[in-house]
Amino acid sequence: MNVTINREENRFNVVLQGRLDTTNADQFQKDIQPLMEGDQPEITLDCTDMEYTSSQGLRMFLMLQKSVNARGGRMTMTGMKPQVKEVFDITGFSNIIRII
């Protein structure tokens, strides 16, 4: 998984590319650590090139969402492929995380 983070004050634009699974979840957690800091963050995760997420990846997204909520921010996931969106729908994560 490649993660590119562009930051402008408390606004983060994050581009996700590839597969998120147990083999790279630890690195992904390190990559998103900067998103866990600051007040009222505005985070957009561009999932256009994300091919897959495992349950480990879902856990990371939930952890990030909870952190954003606790700081009064907003997180949005965009551009999800149908097969990835289906995982979020089946698990109920699409009711927790804003997906457009």
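These questions and answers walk through a predicted model of one protein.

Biologist: In what order do the elements of the protein run from the N terminus on?
Modeller: The protein has three helices and five strands. Read from the N terminus on, they run β-β-α-β-α-β-α-β.

Biologist: Which radius of gyration does the protein have, and why does it agree with a compact globule?
Modeller: The chain has 100 residues. A compact globule with 100 residues would come near 13 Å. The C-alpha trace spans about 30 × 25 × 20 Å along its principal axes. The radius agrees with the globule value because the protein has 12 Å.

Biologist: What share of the contacts in the protein comes from residues 24 or more positions apart?
Modeller: Take the contacts with a separation of 6 or more. Among these, residues 24 or more positions apart account for 67%.

Biologist: What percentage of the residues is buried, and what part of the accessible surface belongs to carbon and sulfur atoms?
Modeller: Of the 100 residues, 40% are buried. The accessible surface comes to about 5400 Å². The part that belongs to carbon and sulfur atoms is 44%.

Biologist: How far apart do the centres of the positive and negative side chains lie?
Modeller: There are 11 positive side chains and 13 negative ones.

Biologist: How far does helix 2 reach from its first C-alpha to its last?
Modeller: Helix 2 covers residues 55–70, which is 16 residues. At 1.5 Å a residue, 22 Å is expected. The helix comes close to that, with a reach of 22 Å.

Biologist: Which elements are included in what covers the buried residues of helix 2?
Modeller: The buried residues of helix 2 are Gly-57, Leu-58, Met-60, Phe-61, Leu-64, Gln-65, Ser-67 and Val-68. Helices and strands both take part in covering them. The cover includes strand 2 (11–20), helix 1 (25–32), strand 3 (42–53), strand 4 (74–78), helix 3 (82–91) and strand 5 (98–99).

Biologist: Is Met-63 buried, partly exposed or exposed, and which residues is it in contact with, leaving aside neighbours within four places in sequence?
Modeller: Met-63 lies in helix 2. Its relative accessibility is 25%, so it counts as partly exposed. Beyond its neighbours within four places, Met-63 is in contact with Gln-29, Ile-32 and Met-36.

Biologist: Which residue just after helix 2 takes a positive phi?
Modeller: Look just after the helix for a phi of about 75°. The residue with that positive value is Gly-72.

Biologist: Is Ser-54 buried or exposed, and which residues does it contact, leaving aside neighbours within four places in sequence?
Modeller: Ser-54 sits in the loop between strand 3 and helix 2. Buried means under 20% relative accessible area. Ser-54 has 9%, so it is buried. Leaving aside neighbours within four places, its contacts are Leu-20, Asp-21 and Thr-22.

Biologist: What is phi of Glu-9, and is this residue buried or exposed?
Modeller: Glu-9 lies in the loop between strand 1 (2–8) and strand 2. Although Glu-9 is not a glycine, its phi is positive, at about 55°. Its relative accessibility is 70%, so Glu-9 counts as exposed.

Biologist: Where is Gln-40, and what is its phi?
Modeller: Gln-40 has its place in the loop between helix 1 and strand 3. The residue is exposed, with a relative accessible area of 56%. Gln-40 is a residue other than glycine, yet its phi is positive, near 45°.

Biologist: What separates the C-alpha atoms of Pro-82 and Glu-51?
Modeller: Pro-82 has its place in helix 3. At 65% relative accessibility, Pro-82 counts as exposed. Pro-82 and Glu-51 are 31 residues apart along the chain. Their C-alpha atoms are separated by 9.8 Å.

Biologist: Is Met-80 buried or exposed, and which residues is it in contact with, leaving aside neighbours within four places in sequence?
Modeller: Met-80 lies in the loop between strand 4 and helix 3. At 13% relative accessibility, Met-80 counts as buried. Its C-alpha atom and that of Ile-99, 19 residues apart along the chain, are separated by 8.0 Å. Leaving aside neighbours within four places, Met-80 is in contact with Cys-47, Lys-85, Phe-88 and Ile-99.

Terms used
Residues numbered from 1 in each chain as written. Predicted model: local features only at pLDDT ≥ 70, side-chain atom pairs only at ≥ 80, totals over all residues. Heavy atoms only, no water. Helix = DSSP H or I, 4+ residues; strand = E, 2+ residues; numbered from the N terminus. Rg over C-alpha atoms; globule rule 2.2 N^0.38 Å. Buried < 20%, exposed > 50% of the residue type's maximum accessible area, 1.4 Å probe, protein only. Contact = heavy atoms within 4.5 Å. Areas by Shrake-Rupley, 256 points an atom, 1.4 Å probe, with all protein chains shown as cover. Lys, Arg positive; Asp, Glu negative; His and termini not counted. Charge placed at Lys NZ, Arg CZ, Asp CG, Glu CD. Expected span 1.5 Å × (residues − 1).
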